[in-house]
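Hi everyone, thanks for coming. Have a look at the sequence and the fold with me, and we'll walk through the sheet together.

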Amino acid sequence: VVIIMNIQLDLSKTIMNNNPIHFIVCCSGGADSMALLDMAYHYICNQQEQNDKSNTTLSVFHVKHGMSANQNNWAELVQRYGSSLGLDVYVANVNPEQIKLTETEARAKRYAALDEYIQILDKKLSSNTTKCPLDPQCTQFIVLTGHHKDDRLENFLISIFSPLLSF
């Protein structure tokens, strides 16, 4: 509960700067990322009700790596749940040939797909041509990941995107 309160306080500071904010929940379909998606959805709904913040949006990002026989089931679960919340769900198939990838190769493909998705969203959501984070028309992207304590993805994402994100 304390962690959630701290996250909410930090996010409130970011949202209060009046720039458009778009949250991207990286969702594998596992319990941790589904809980994060649910929490982010309700947090944003609450912010919009309290502050009438129509400039705060949320979408879901899911990756099919071709590394699991159940990847289509996971993608369908994420798609169905995100759609039931009225959210856009982006499913990236980074290994359509389903060749065996190392974890490093899968990670590189995942990050490339996430970067591509952010660029698509940036074109869709940002109305300015200058990309200054202080420009009130420039959309800020906040990438949310939920992982178990042994997962290194979160730390890697933070190190890559920290120049673009507000902490």
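Strand S2, residues 56-64, pairs with S3 in the parallel sense over six bridges. Strands here are DSSP E runs of at least two residues, helices are H or I runs of at least four, and both are numbered from the N terminus. Two strands pair if DSSP finds at least two bridges between them.

A word on the source: this is a predicted model, where local features need pLDDT of at least 70 and side-chain atom pairs count only at pLDDT 80 or more, while totals for chains, interfaces and linings use all residues. Residues are numbered from 1 along each chain as its sequence is written, and side-chain values use heavy atoms, leaving out hydrogens and water.

Now step back: four strands make an open sheet in the order S3-S2-S1-S4, with parallel pairing.

Next, the helices. Helix H2, residues 31-51, packs on the sheet and touches S1, S2 and S4; its direction makes about 165° with that of S2. Helix H3, residues 71-84, lies across S2 and S3 and runs at about 170° to S2. Those angles, from 0 to 180 degrees, are between N-to-C directions of lines fitted to C-alpha atoms, for helices over the stretch in contact. Contact means heavy atoms within 4.5 Å.
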